[in-house]
Amino acid sequence: MTSSPELINELQASRPAAPPELRARVRELSAESPAQAPLRRFRFPARRVALIAIPTAAALAFASAGVVGLSRSDVSTEAIRQKSLATTTGAGSTTPAPNASREGATLSGTASGGLADTAIAPTTGRAQRVSATLTVEVADADAVSRAAQDALDLTRRLGGHVVNASVATGDEGSASLTVRIPVAKVQEAIVGLSRLGSIVAQQVTIDDLQETLDRLKRRQLSLRSQIALVVANLESGTLDAETQARLEARLKNLRGELRGIRSGISATNAEARMSTIQLTVVTPGAFGAVAPPARLDRTIDEALNVLAWEAVIVLAVLIVLAPFALVAFAAWLGRRFYRHREDERLLST
């Protein structure tokens, strides 16, 4: 048996010689390799780039969200302040309602510009719905109770009645009353209720009901005329059975509609006779504005909103790029499979 050194010497001595065709092919490949070598040597470091790009993108997203949240927190602070100011002080000016030219008008005021001494009043001779909302501020909870009792006494003295009333006592007492006052005495009621404390806000609304009432009355006259004509035809005694049955059914429908019209007229007149006043009595502590959230909380909320929108945008981009990524992955798999088959074919020859 031949030893290992002897085997190595024999293999070196019997070194096979390459055929001329193989030598020529190697020379051709070596001539082409210098131009392709740089491209083959370069490999895109995908893992390293991902390890750097993903944390960088996340840091930029959080940083941008923080900056935007911080900048928007100032806007939120101003918006909250303006809203609180508008809520606690009211409009402070006379503003017509959107349909004032057709149905009525709305006047609102505050302590600096109240309506108690204005000339607003229902129009004499017209059916109108009058409603008022008043908020007055008193010193303490005891004053709340006294003001609520004075409001009830004033309502009864003016011929009105209480719809509902609620009085809460304590450190921050408050009272809420809804009363109905005759329209002829609504101005006196507003003036008297406004003197119960310092006026915080008040609003008086007048809606015209005369057009509705006139329309109901015209329909009532028309129904009466039709009923009288149908009754006259039925009493003539010259109708056949079919015509008489049809007229009797029509008479029944007309009388039913007339009852509805009369109810509408009565309800409209009742609405026009009595005004509705809502009174709220508060103490300084109970009517304080709600404190806005801290700036840090607003900043975090705004930042989370920005992050949510960034996540939505990233998801949308991924959805758009997903088909292209699948096509590219399929092409890469096809190329690998083709190269694997080519390698197997070369090795088998």
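Read along the sequence, the chain follows the order α-α-α-β-β-α-β-β-α-β-α-α-β-α, an arrangement that comprises eight helices and six strands. The model is a predicted one, and the values reported here were computed from it. Of its 349 residues, 25% count as buried, and the protein exposes about 23,900 Å², of which carbon and sulfur atoms supply 60%. Among contacts with a separation of 6 or more, 80% are accounted for by residues 24 or more positions apart.

In soluble globular proteins, nonpolar side chains tend to be buried together. In the present model, the largest nonpolar core has 29 residues, and those with the most contacts inside it are L134, L177, I190, L193, I277, L279 and V281. At least two residues of this core are supplied by each of β2 (128-137), α4 (141-157), β4 (174-182), α5 (186-194), β5 and β6 (274-282), with α4 providing the largest share, seven residues. A second, separate core consists of 14 residues, including A127, L216, L247 and I261.

Helix α6 was examined separately. This helix covers residues 210-235, and at 1.5 Å a residue its 26 residues should span 38 Å, a value with which the 37 Å between its end C-alpha atoms agrees. Within α6, the buried residues are Q210, L213, L216, Q220, L223, I227 and V230. An α-helix has 3.6 residues a turn, so residues three or four places apart point the same way. The cover over the buried residues of α6 includes β5 (198-208) and α7 (241-273), and one of those buried residues, L216, also belongs to the second core. Just after α6, G237 takes a positive phi of about 75 degrees.

How values were computed
Residues are numbered from 1 along each chain as its sequence is written. This is a predicted model: local features need pLDDT of at least 70, side-chain atom pairs count only at pLDDT 80 or more; totals for chains, interfaces and linings use all residues. Side-chain values use heavy atoms; hydrogens and water are left out. Helices (H or I, at least four residues) and strands (E, at least two) are DSSP runs, numbered from the N terminus. The expected span of a helix is 1.5 Å times one less than its number of residues. Buried means under 20% relative accessible area, exposed over 50%, partly exposed in between (1.4 Å probe, protein chains only). Contact means heavy atoms within 4.5 Å. Accessible areas come from the Shrake-Rupley method with a 1.4 Å probe; for residues, only the protein chains shown count as cover. A nonpolar core is a set of buried Ala, Val, Leu, Ile, Met, Phe, Trp, Tyr and Cys residues joined through side-chain atoms within 4.5 Å.
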